[in-house]
Every structure is written in C-alpha cells, then in structure tokens.
Amino acid sequence: MICRARAPAKVILFGEHWVVHGGRALASAIGLYSSVYAEPLREGVIVESRNLGVMEDVLKSCRVFCNLKRSFEYIANGVMWPARIVVNSEIPVGAGLGSSAAVAVSASAAYACVGGRDVTPELVSNAAYESEKLVHGTPSGVDNTVSAFGGFLLYRRGEGFKAIHVGSLNDVTLLVIDTGVIRSTAKAVSLFSSRLKRLNSIGQDLLRLAEGIVEEALRAVRKGDAVMLGELMDVAHGLLNAMGVSHIELEKAVHAARANGALGAKLTGAGMGGSAIALVEKERAAAVAENLRRLGFRVYSGALGVRGVSITALE
Ligand code: PMV
C-alpha cells in the first residue's frame with residue numbers, strides 16, 4: 001500500500017504560562033501542514049526529509065530521525081515492517097507551532113497505513129508522543145494531541161484534553177509572526193513563575209483574570225465571534241506583558257498587526273521572543289502579512305480549528 005498523510009501545526013491561543021500554575025489553555029490546529037508519503041520496501045525503514053536534505057535507514061542506525069524510529073516502533077508493536085517514508089513540512093521549526101509533533105503524527109500515520117494498520121488519531125497521537133519525549137523531555141502532549149485530533153482543544157495539567165466544538169470561524173485567518181528572536185521556554189517559565197510568586201495576592205488575581213479570559217474565549221469560539229476573540233487576544237497579551245514575558249520585537253509585531261487592522265494580536269507560547277499571532281479578516285490577511293514582512297518578520301498564515309491528521313491510501 002502507498003499512503004499519504006498530513007497533519008497540522010498547533011498554536012496556543014490563550015492561557016500559556018498560566019497553565020503551568022493550574023489555569024487552562026486553549027490551543028487550536030492551524031492550517032500549516034507536515035505531509036508524508038510512504039511506500040513499502042523490501043528492507044530497511046528509510047526516512048527522507050526534503051526540508052533537511054537528510055536520508056537515513058533508521059533500522060540500521062539513526063542520527064537525525066531517532067525520534068521517528070521510536071514512533072514507528074510504537075506503531076509496529078513488535079517487528080517493524082520495511083518502508084520508505086518521505087517527509088515534507090511547511091511548518092517553521094522553532095516558532096512554537098509544534099512542527100516536530102506534526103511531523104511525527106503524519107509520519108506515524110503514513111507508516112501505520114503502509115503496514116495495513118487501522119489508523120486512528122489516538123494511535124498516531126500516542127506514537128507521536130513517544131517521539132516528542134525524545135525531542136522535548138517531558139512534553140505536555142498538547143502538540144501531538146492537537147495535530148492528531150485537530151479543531152480546538154482545552155487543557156489543564158493533570159486533567160487532560162477536552163475537544164471544543166465550534167461555530168464558524170471561516171471569515172478569519174490567523175497570522176503567525178515569527179520575530180526570529182531565539183527564546184528559552186525554561187527561562188521564560190522561570191521568570192514568569194518567580195514574578196507570579198512575588199506578586200502574592202496580585203498574582204492570584206491575575207491568574208483568575210487569565211482564567212476569565214479563557215472562559216470568554218471559549219464562548220467566543222463557540223459563537224464564532226471573531227471580533228470578541230481578537231479583543232481577548234489583546235487583553236491576554238497585556239497580562240503576559242505585565243508578567244514580563246514579552247519582548248520588544250513581539251511588541252513591534254503585535255502593535256504593527258493591530259495598526260494594520262488585525263482584530264487582535266498577542267504573543268504565543270513562551271514569549272521573550274518566538275512568535276506572535278494576529279487574528280485578521282480573510283480579505284485583509286495578505287495585505288497585513290505583506291506589511292509585517294516589510295518590517296522584517298517572517299509571516300505564516302493558516303485557518304483556525306482545521307481538522308487533524310488525514311490519510312489517503314493510494315493503492
Ligand atoms: O513556546 P512553547 O511552544 O514552548 O510553549 C510554552 C507554553 C508554556 O505555557 C509557557 C509552558 C508550558 O509547558 O505549558
């Protein structure tokens with residue numbers, strides 16, 4: 001069987017950092033994809049990445065794709081079957097969009113399909129989580145879950161994930177504005193956490209406010225109220241900025257997006273660099289993205305809440 005699979009990237013819309021302290025976070029699948037082609041072979045499990053220009057037989061030894069090998073082992077649950085796996089991803093790496101998880105989800109799905117296995121989002125999400133543990137240590141599992149199941153997902157540490165069924169958000173696009181500033185998630189989490197502690201009751205008040213924002217955002221997502229969602233993004237960004245995890249380049253990005261007519265904008269993920277996101281009406285998206293590019297940012301765009309992993313068996 002020859003198979004193609006593709007899986008979307010994820011973006012944290014609301015609740016980053018607060019989620020480390022017991023709050024909830026709302027994430028969404030975004031229409032930027034990792035695509036994988038897989039075909040049977042006589043021997044070997046050969047992984048090729050068009051983006052990296054790397055090819056290796058992970059059955060013999062692995063250097064770059066040991067994480068994917070772990071996912072394939074999970075899928076095979078015994079002796080791995082031979083296959084050629086070709087990865088082609090349009091998701092920027094290191095921009096907080098869960099590119100490694102989307103690659104692992106799509107590669108796991110294609111590998112399972114080539115082996116004639118029943119491919120479910122649950123199976124490939126679990127397989128990709130094995131890969132993510134090698135890449136990130138102790139990941140929350142958000143990236144692989146969103147990529148496999150798609151849509152919007154609410155999560156709280158220790159409680160797992162809840163799918164959110166939504167109204168239409170068809171008229172808007174999400175722009176991801178990559179500042180190119182390298183950040184450390186661990187450093188940002190530690191800075192945020194120590195400020196939260198120092199702020200005592202004020203910190204607890206802010207945490208409650210952040211929870212309120214997630215609650216309102218859920219309502220807006222369910223109603224398909226993009227204007228409200230944009231406004232809440234602005235407020236959420238203000239709180240993250242107050243907690244010290246913004247960056248001058250992130251401020252430039254969110255202010256420029258708003259000045260160009262975005263419905264709202266905020267940092268996404270750890271902050272202190274990395275990416276901002278802006279919610280923009282579809283017909284304005286190209287012009288807003290172009291203006292942001294002129295300021296030196298790399299800009300990607302995709303629909304929100306897209307479906308998760310999909311598989312096509314070609315023969
Ligand atoms: O920037 P990212 O994709 O590493 O996201 C970090 C999200 C935090 O809430 C800041 C940390 C976490 O583990 O949830």
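**Exercise 1.** State what share of contacts between residues at least 6 apart in sequence joins residues at least 24 apart.

*Solution.* Contact means heavy atoms within 4.5 Å. Among contacts in the protein between residues at least 6 apart in sequence, 75% join residues at least 24 apart.

This is a predicted model, where local features need pLDDT of at least 70, side-chain atom pairs count only at pLDDT 80 or more, and totals for chains, interfaces and linings use all residues. Residues are numbered from 1 along each chain as its sequence is written, and side-chain values use heavy atoms, with hydrogens and water left out.

**Exercise 2.** Describe how helix α1 packs against helix α3.

*Solution.* Step one: helices are DSSP runs (H or I, at least four residues), numbered from the N terminus. Helix α1 covers residues 66-76 and helix α3 residues 121-136.

Step two: axes are lines fitted to C-alpha atoms over the stretch in contact, and angles run from 0 to 180 degrees between N-to-C directions. The two helices pack at about 145°, with axes 8 Å apart.

Step three: α1 contributes C66, N67, L68, R70, S71, Y74 and I75 to the contact, while residues from α3 include L123, N126 and A127.

**Exercise 3.** Is G212 buried or exposed, or in between?

*Solution.* Step one: buried means under 20% relative accessible area, exposed over 50%, and partly exposed in between (1.4 Å probe, protein chains only). Step two: G212 has 33% relative accessibility, so this residue counts as partly exposed.

G212 is found in helix α6, residues 201-223. Its C-alpha atom is separated by 15 Å from that of I202, 10 residues apart along the chain.
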